[in-house]
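Reader: I would like to learn how to read a two-chain model. Please take me through it feature by feature.

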Amino acid sequence: MTSAATDPMDGFDTTIHAPNRLRICALLDTAGEAEFSVVQRQLDVSASVLSKHVTVLMEAGYVEQRKAVRDTRQRVWLRLTRQGREAYQAHLTALRTIVGS
Amino acid sequence: METNGHAFRPTPQQARAALADTEQVRASAAALSATPWPRWFAITLALFIAAIPPVYGGLLADPQWLLPGPVWGVIMLVMTAGYLALYGVAAANWRKKTGVALRLDVLPKRAVVPLAIGLPALLLGGPHAFRATGEPLWLFAASAAGAAVSIGFHLTFVRLHRKAS
């Protein structure tokens, strides 16, 4: 979405648009990086559901994970990749275009 | 990557609902990011800021003020190292507690930009005014104002966090 001549609808991304994935992207875009359990709590979804959506986003190259040990337990931290951030912003632009049309 | 805006297009109502949903999540995440520092670190930060003008003033003083210049230099180094160590502990604990990344861009720019310019000017300006006039009141005024700004920002974070939660 760098050119004014580009159709904003080109940014519409069905990978991101699935409700839980859109919410994951919104959370990670705002928080920068968040622990898996925090994302789960914020979205009020089970670990397996979140894991499934995170896998889809990771396969698309939109989310990356980092493992860190805390209190002797391994924690997973999630963050948007640069590509994921751009795709999410482009998707929001497409949604706003639809609302405004 | 499933990017195909023309094959599937939500209605304006669906798009509006999706945007409202993201806004709700964004607000909730922003509340987490605005979690204030623990009180012990807010006090540490205020004390560190309050200590800068007199110590820097002592460093600049010519002739020396209370202590020789190099001693003030050592005091500055020790207190800065101590502050940075405590900052590391506080930041690690903050991340553990909140589960999100520590961000310094949570407050609006209209508040952060004046702080980023005004606080260094205050902390460095006081000692320079002291050096020029020999009047220690400049140091204590800068010290009190710096501590007040630090506490004010902490209380702003507390209010922002409560409001957003």
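Author: Start with secondary structure. Helices (H or I, at least four residues) and strands (E, at least two) are DSSP runs, numbered from the N terminus. Chain B has five helices and zero strands, in the order α-α-α-α-α along the sequence. This is a predicted model: local features need pLDDT of at least 70, side-chain atom pairs count only at pLDDT 80 or more, and totals for chains, interfaces and linings use all residues. Residues are numbered from 1 along each chain as its sequence is written, chains are lettered from A and ligands numbered from 1 in the order in which they are written, and side-chain values use heavy atoms, with hydrogens and water left out.

Reader: What pattern does chain A follow along the sequence?

Author: Chain A reads α-α-β-α-α-β-β-α, with five helices and three strands.

Reader: How do I read the confidence of chain A?

Author: pLDDT is the predictor's confidence in each residue, from 0 to 100. Where pLDDT is low, the predicted coordinates should not be read in detail. Chain A has a mean pLDDT of 89, and 92% of its residues reach 70 or more. Within chain A, confidence is lowest in strand E2 (residues 63-70), at a mean of 88, and highest in helix H4 (residues 47-59), at 96.

Reader: What is the radius of gyration of chain B?

Author: The radius of gyration is taken over C-alpha atoms, and the globule rule is 2.2 Å times the number of residues to the power 0.38. For 165 residues a compact globule would come near 15 Å, but chain B has 22 Å. The C-alpha trace of chain B spans about 80 × 30 × 30 Å along its principal axes. For chain A, the C-alpha atoms fill a box of roughly 55 × 25 × 20 Å along the principal axes.

Reader: Which share of the accessible surface belongs to carbon and sulfur atoms?

Author: Accessible areas come from the Shrake-Rupley method with a 1.4 Å probe; for residues, only the protein chains shown count as cover. In chain B the accessible surface comes to about 9,600 Å², and 68% of it belongs to carbon and sulfur atoms. In chain A the accessible surface comes to about 4,900 Å², and carbon and sulfur atoms hold 47% of it.

Reader: How do I read contacts, and what does Ser33(B) touch?

Author: Contact means heavy atoms within 4.5 Å. Among contacts in chain B between residues at least 6 apart in sequence, 73% join residues at least 24 apart. Ser33(B) is in helix H1 (residues 12-33) of chain B. Leaving out residues up to four places away in sequence, Ser33(B) touches Thr30(A), Ala31(A), Trp94(B), Val100(B) and Val106(B).

Reader: Why does Ser33(B) count as buried?

Author: Because its relative accessibility is 5%, Ser33(B) counts as buried.

Reader: What does Arg131(B) touch?

Author: Arg131(B), in helix H4 (residues 109-133) of chain B, touches Leu60(B) and Asp62(B), not counting residues up to four places away in sequence. Arg131(B) and Pro63(B) are 68 residues apart in sequence and 9.2 Å apart in space, C-alpha to C-alpha. At 47% relative accessibility, Arg131(B) counts as partly exposed.

Methods
Buried < 20%, exposed > 50% of the residue type's maximum accessible area, 1.4 Å probe, protein only.
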